[in-house]
Structures are given as C-alpha cells and as structure tokens.
Amino acid sequence: MATLTDDELGRIKREVLDNVLGLGAAPYISIKSVYDLIRDNVSSSSVSATTSTTSVTAAGPTTLTLASATGYVAPQRVQVDVDQSREVVTVNAVSGSTIAVHLAKTHSGTYRVEVESPLTIVRGLLSDLTYLETLDRGAWTSLGLKRVDEVEWFGAADGGDLADRIAHHRDRIRGELARACGISWVLSQGRSLANGGGSYEVY
C-alpha cells in the first residue's frame, strides 16, 4: 500500500500553519511526532490503483474499461482522475474489466482510477488547497481601489470580495484536512499564533 510522501507531509504541515522544518531540525520547539503517525497510517486501499482510457464526453451513467479490474466490486467508492478533474463515485456493477458508474465530469486520455482511501481523501484535500492558492494569487493581482477621492474598495457586486471568499474556502478545507489527519489542535494552535496568541513548547 502507498503512503504519503515527505513532500506531502511538508505540505500538510504548511496548510495547518505549522513549521515545515523536518522533525530533527527543530528539536526545541513544538516537537510533533504525530506526523510520523500520519505518514504511517494515511495509506491507500489494498486494491491496486489502475487506469482507464475510456473517453467520457458527457455526465451520466458510464461504463469504464479498466486496465485491471482486480479487486473492484460494487458498491465500492472509487476516485476517477486527479486534481480538479477528479470525482468520487460509487461502483454500481463490475463485469470483466469494466465498471459501471455515474459520472458528473468529463474525462479523457489515460486517467487514474482507484478505490477511495484515507490517502485519496488527504491527497484530494491537498490538491484543492493547491488550486485555491493559485486562485488566490490571481485574485490579489486583480484587486484595486474603486475611487480615489474617497477610499472605496471594490465590493461584492464588483467582484472585490473574491480574495475573501477564496480565503474563507481555503480555511474551511484546511479544517477538513486537519480533521482528516487528526491534528485539528495543531491548526488551532497555528491560528492562535498567527493572531498573536498561543505559546511555544520549549524543552
């Protein structure tokens, strides 16, 4: 079974507002061996991931041909594709090397299909956060003053609250990630420190 990589653990630490130093690099401040537990226990399904090349051009009931359907049974939940193209659906039936599912998105080329697991859930949340970070950069470059004689920022009707909405959504996904990994307390501590509160654990 696959587990999280060190790079993904570093990203988790960043998203829950923790430092991204390796555990051995920060021996005196907030040592958290919980990340070792996350790496060892956020794992993939025992069913091997596979791929499909079935072209899906419209949403609805679809039969996907898999490179290997070994271990796939109804009513498993499977993740189809990756990043912003991904979706999680229920396997309605398996026949030979095909699975019957109901898709909401289109898919093309060769894309990944795997049984939903703690690993796909956490990686999906990390993917969402990466996407929101990209949107956030674009939102800030488009911000500006609406009037000069009196300071007036663009309002919701003008799209001026886009950065705020992205930040709110990103904060919500961070909370989901922290809960999925069992480290909500780390995120709470990070938020407290970011707001000028909290304390360090010094050894």
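This is a short tour of one predicted protein model, stop by stop.

Residues are numbered from 1 along each chain as its sequence is written. In this predicted model, local features need pLDDT of at least 70, side-chain atom pairs count only at pLDDT 80 or more, and totals for chains, interfaces and linings use all residues, while side-chain values use heavy atoms, without hydrogens and water.

**Whole chain.** Show everything as a cartoon. The protein has five helices and nine strands, taken as DSSP runs (helices H or I, at least four residues; strands E, at least two). Along the sequence the pattern reads α-α-β-β-β-β-β-β-β-α-β-β-α-α. Of the 203 residues, 38% are buried (under 20% relative accessible area, 1.4 Å probe, protein chains only).

**Helices α1 and α4.** Select residues 6-15 for α1 and 162-181 for α4. Their axes lie 10 Å apart, at an angle of about 120°.

**The contact.** Now show side chains. In α1, pick R11, I12, R14 and E15; they meet R170, R174, L177 and C181 in α4. Contact means heavy atoms within 4.5 Å. By class, this contact has three nonpolar, no polar and five charged residues. Here Ile, Leu and Cys are among the nonpolar types, and Arg and Glu among the charged.

**V186.** Move to helix α5, residues 184-194, and select V186. Is V186 buried or exposed? V186 counts as buried because its relative accessibility is 1%. The C-alpha atoms of V186 and V34 are separated by 10.0 Å, though the two residues are 152 residues apart along the chain.

Terms used. Axes fitted to C-alpha atoms, helices over the stretch in contact; angles between N-to-C directions. Buried < 20%, exposed > 50% of the residue type's maximum accessible area, 1.4 Å probe, protein only.
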